[in-house]
Amino acid sequence: MKISTLGYSIKQGLKNIRRNLLFSLASVGTMVACLFLFGVFYSIVLNMEHEIDDIQNSLVVSVFFNEGYNDEQIMQVGNEIKKLENINSVNYISADVAWNGYVEDVYQGDAEYVESVFGDDNPLENSSSYEITLKDISRQDITVKQLEAITGVRKVNSSKETAQGWIDVSTLVGYVSLGIILILLFVSLFLISNTITIGIAVRKEEIAIMKLIGAKDIFVRAPFLFEGVFIGLLGSLIPLVIMYFVYNAMTGYLTQHFALVSNMIEFVPVGEVFKWMAPCSVLIGVGVGFFGSLITTHKHLKV
Amino acid sequence: MVVLDHVTMEYPTGTKALDNVSFRIKKGEFVFIVGSSGSGKTTLIKLLLKEIKPTDGEITVDDRVYSKMKRKEVPMLRRKIGVVFQNFRLLKDRTVFENVAFAQQVIEKPANEIRREVPGTLTMVGLADKYKQFPKELSGGEQQRVALARAIVNQPDIILADEPTGNLDPKNSLEIMTLLEEINKRGTTVVVVTHNKDIVNLMQKRVITLKKGKVISDEEKGGYKDED
């Protein structure tokens, strides 16, 4: 297509929108609602995943060895652990480090008292361990079983409850939002298709003349394709602008007014949210607009 | 060259609009195709514009064999055929200039060529001073001239005029026919489908007469035949 034709098609596309303003606005409105919801759910899921990541990084699985294992045997167990797929990091905690940590936690570092009670004994002598963080906390159960199966492993301590709740909610929100967004996308597609059909009906005579004069398929279709793309683009940019302000306002308000929330969650900055959400929204909007009009023109504009 | 070779067109309803029609129109010829309502004139135009496919037979225009043409080749064929309609079919929301320019925009001509060629064409049809006016501000004859300008602006090989004088008074009819004759003298093949007896008899051109889908006569310098 020539540049001059491109300009002509864009102009005609915009003209079509003006001609069917009411239907065009309905299409844009539905797209705005759809992509605004997409933005809301995306932000929720992203923040939940951020929280899950934080929990995941702080969640530690402790692996204890058989009593009396020497350094070489402990290292061998360590090597076996590292071979497992879901292992993020492995950190060796010797019996002395474990006891010092315990003293610090339980006796607030009161060395005199501890010495008076325990002397030089280390009650955790057989409690040297590997502290492991996992890549994917949802697969913790399987990994624990794999750890327990390693020769020389006496006990594996894990606490899965903390993250599982977040994972469950995040998955649920993900599925629900996907369902709602799909329904709304279908409605948007239908409305855009309707708008284009009306545009075609309004320009029926012009299209008929174009065809008889020798217009190529693409020349007849292009204005309608641009119309769909413009509707989709507008329908994706408006919710992005709204989302930008709403997200900043909401996260600011929650952090300021609800101490519980600010203690529990550290919100993802708006820039980070928009990094993927903005291109995704535009792509969805433009894509739905383009395919909505492509299907319609294919159906109604055969030369 | 336009060749119809044993063309039959039968609609799904069972109506046989054309029945084994054959004729040849040489390059640069002026031909009237006449016949009353239901004789198959409209079907013939639709076939020549490749809006419909014949149920039997073959159509060839300038070495383009219709049955072998791909869909994407149809626009190129239509660019070689300028069409004029009885009801003008002008775009009401565009000026005279824009209506003629539209034919060039559609075939993706550059804007500077459009600006150069449209005024010349409007001068040829005698509407140079009315380029800013809208169709509703023009008389029937003037509207048909705009339609004619739109049909010739891309310099087609063939002009296909479907009842071009059907909505015009005798004076305007004659003016349009004179214009078509001028266009023909410049080398363009002109095919006029009409039932305007006076014009046909006056012009003394080749006349192909259709009746109930069949060619009943084909005469050089013929006149309008009463079918009964």
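How much area is buried between domain 1 of chain B and domain 2 of chain B? I opened the notebook with that one, keeping in mind that this is a predicted model.

**Entry 1: the two domains of chain B**

I started with the bounds. Domain 1 of chain B takes in 1-80 + 158-222, and domain 2 covers 88-155. I then looked up the spacing and found the C-alpha centres of the two domains 24 Å apart. For the contact, I noted 12 residues from domain 1 of chain B and 12 residues from domain 2 of chain B.

Now to my opening question: the area buried between these domains is about 1100 Å². Carbon and sulfur atoms give 70% of that area. B:Arg79, B:Ile176 and B:Leu179 lose the most area to domain 2 of chain B, and together they account for 41% of what the domain 1 side buries.

B:Arg145 and B:Glu175 form a salt bridge, with their closest N and O atoms 2.5 Å apart.

Which helix gives the most to the domain 1 side that touches domain 2 of chain B? I wrote down helix H6 (residues 170-185) of chain B, with six residues. By class, I listed seven nonpolar, two polar and three charged residues on that side of domain 1.

**Entry 2: chain B against chain A**

Next I turned to the partner chain. I found 21 residues of chain B in contact with 21 residues of chain A. The two chains bury about 2000 Å² between them, and 56% of it is on carbon and sulfur atoms.

I looked up the charged pairs here too, and the count between chain B and chain A is four salt bridges. I checked the salt bridge between B:Arg89 and A:Glu205, where the closest N and O atoms are 2.8 Å apart.

Helix H2 (74-79) and helix H3 (96-106) of chain B each supply at least two residues of the side that touches chain A. By class, that side of chain B has 10 nonpolar, two polar and nine charged residues.

**Entry 3: a sheet in chain B**

What is the strand order of the open sheet of four strands in chain B? I read it as S2-S1-S4-S5, with antiparallel pairing. The edge strands are S2 and strand S5 (64-65) of chain B, and each pairs on one side only.

I then followed strand S1 of chain B (residues 2-10) to its neighbours. Five bridges join S1 to strand S4 (residues 56-61) of chain B, and I noted B:Thr60 as the S4 bridge partner of B:Val3. S1 also pairs with strand S2 (residues 16-25) of chain B over six bridges, in the antiparallel sense. In S2, B:Val21 is the bridge partner of B:Val7, while B:Leu18 is the bridge partner of B:Met9.

S1 and S2 of chain B form a hairpin with five residues between them. In that turn I found B:Gly14 with a positive phi of about 105°.

Notes:
Residues numbered from 1 in each chain as written. Chains lettered and ligands numbered in written order. Predicted model: local features only at pLDDT ≥ 70, side-chain atom pairs only at ≥ 80, totals over all residues. Heavy atoms only, no water. Domains from an automatic or database assignment. Contact = heavy atoms within 4.5 Å. Buried area = accessible area lost by both parts, 1.4 Å probe. Salt bridge = Lys/Arg side-chain N within 4 Å of Asp/Glu carboxyl O. Nonpolar A, V, L, I, M, F, W, Y, C, P; charged D, E, K, R; others polar. Pairing = 2+ DSSP bridges.
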